[in-house]
Amino acid sequence: MHKLVSAVSAEGLGLPKSLVLVKYRELRITDLEGRQIYFNVRGGVYLIDRPGLEQWLASRTGRLLLGKRVVDLKNGYVYTSDGERRGPYDYIVLAEGSLRKFSARFGHVVRLPGLQVDIKSSVDLPGINVVYNNKLSRAYFSWIVEIDRGVYRVGLADVCCTVEKLNKLVKLLRGAPISKPFGGGVLAGPPLRRLTHGRYITVGDAAGLVKPLSGGGIILALKSGALAAMALDKGDIQRYEVATLYTRLRLRAAFSLFRILYGMRLVDRLLQILNGGEYVAVDYDDHVKSLLVAALTDARSIMAAKEVARYLASKALS
């Protein structure tokens, strides 16, 4: 599975160029029924080789125990599936991704089933395409990413029926699958209010550090892991809480917007109002900032703001 990340963030973290499979500069938001909005992404977006990224990270790690599944954590000890107990440790970092088997005890993070597949198709949908269409996903969105000429990675996340809806999307694109469907949980946030809990430290998806409007979290996982390591190195784990405070506040604001746009399906109305618009995505990793900049550069944003106010008022009175 490959991942989309901001080129600016990837370069800032020093990810090797050898991991970059494709670079995109445009993002299209559409309902596949004629309405669409274009974003030119400042700095571009990279499609990253996910297995290659994990191998690169592993090469920078001092010691790894492979083939060991953690089955329990208790009093600073780690219990594995082979019956062994390791520890006690002063701190245990939970970096278990969207599975959240152990980190779930520290707070709820919205998790939606996601499914995707690679297809061959003659449709002309270059670059990154985000699809808002109730028939394909009511709770979130679908995506179509061109990974090679005529080859697309298509998928969706929703509360249920992902297999049926993915089949509908593939049929809509007149596509022929060239891989088996694959997927997992797609997290939408919000981030945990605290990232440290006694001996336990949560990072990345385990901490709910994901972008609610897109479900992306690779860059946030790398950054939070580095910040946690620095705090441990200094012997002051509260430095990690302080260092991530702004990010968590920003992600909570984005989660509130997620509930408005997706929960109330306001996104469908906004797509209708801003249909045909062309904007600049100033920060692919910060969708709230990009949407605000887009709104400020289009006179139709006044109409969109009225729609938001009307939706909020109707929900408050209902």
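Let's start at a loop. Pro190 sits in the loop between β13, residues 182-189, and β14. The peptide bond that joins Gly189 to Pro190 is cis, with omega at about 0 degrees. Keep in mind that this is a predicted model.

There is another such bond. Gly87 and Pro88 are also joined by a cis peptide bond, and omega is again about 0 degrees. Where is Pro88 placed? Pro88 lies in the loop between β6 and β7.

Now step back to the whole chain. The secondary structure comes to 9 helices and 16 strands. Along the principal axes, the C-alpha trace spans about 60 × 50 × 35 Å.

How much of the chain is buried? Of the 318 residues, 45% count as buried. The accessible surface comes to about 16,500 Å². Carbon and sulfur atoms account for 55% of that surface.

Next, contacts along the sequence. Take the contacts between residues at least 6 apart in sequence. Of these, 68% join residues at least 24 apart.

Charges, briefly. The chain has 47 positive and 28 negative charges. Their mean positions are 4 Å apart.

On to the sheets. Strands of a sheet pair through backbone hydrogen bonds, either parallel or antiparallel. We have examples of each.

Back to β14, where we came in. β14 belongs to an open sheet of 3 strands, in the order β7-β15-β14. The pairing in this sheet is mixed. Which strands stand at the edges? They are β7, residues 92-94, and β14, residues 196-197. Each has a single partner strand, so one side of each is left without a neighbour in the sheet.

β7 and β15 run parallel, joined by 3 bridges. Strand β15 covers residues 200-202. Look at Val93: its bridge partner in β15 is Ile201.

A second open sheet also has 3 strands. Its order is β4-β5-β6, and the pairing is antiparallel. The edge strands here are β4, residues 70-74, and β6, residues 85-86. Each of those pairs on one side only. Between β4 and β5, residues 77-80, there are 4 bridges in the antiparallel sense. Val70 stands opposite Thr80 in β5.

Now β16, residues 278-281. In a regular strand the side chains alternate between the two faces of the sheet. β16 shows the pattern: which of its side chains are buried? Tyr279 and Ala281 point to one face and are buried. β16 pairs with strand β3, residues 36-48, in the parallel sense over 4 bridges. Ala281 comes up again here, as the bridge partner of Val41.

From β3, go to the loop between β2 and β3. Leu32 is found there. Leu32 has a positive phi of about 60 degrees, although it is not a glycine. Buried, partly exposed or exposed: what is Leu32? At 26% relative accessibility, Leu32 counts as partly exposed.

Compare Arg100, in the loop between β7 and β8, residues 110-120. Arg100 also has a positive phi without being glycine, near 50 degrees. Arg100 counts as buried, at 7% relative accessibility.

Two more residues before I stop. Val22 is in strand β2, residues 20-30. Set aside its neighbours within four places in sequence, and Val22 is in contact with Val45, Tyr46, Leu47 and Ile147. Val22 and Glu11 are 11 residues apart in sequence, and their C-alpha atoms are 14 Å apart in space.

Last one: Thr162, in helix α3, residues 162-172. Why does Thr162 count as buried? Its relative accessible area is 14%, and buried means under 20%. Leaving aside neighbours within four places in sequence, Thr162 is in contact with Pro113, Leu115 and Leu156.

Methods
Residues are numbered from 1 along each chain as its sequence is written. This is a predicted model: local features need pLDDT of at least 70, side-chain atom pairs count only at pLDDT 80 or more; totals for chains, interfaces and linings use all residues. Side-chain values use heavy atoms; hydrogens and water are left out. Helices (H or I, at least four residues) and strands (E, at least two) are DSSP runs, numbered from the N terminus. Buried means under 20% relative accessible area, exposed over 50%, partly exposed in between (1.4 Å probe, protein chains only). Contact means heavy atoms within 4.5 Å. Accessible areas come from the Shrake-Rupley method with a 1.4 Å probe; for residues, only the protein chains shown count as cover. Lys and Arg count as positive and Asp and Glu as negative; His and the chain ends are not counted. The place of a charge is taken as NZ of Lys, CZ of Arg, CG of Asp or CD of Glu. Two strands pair if DSSP finds at least two bridges between them.
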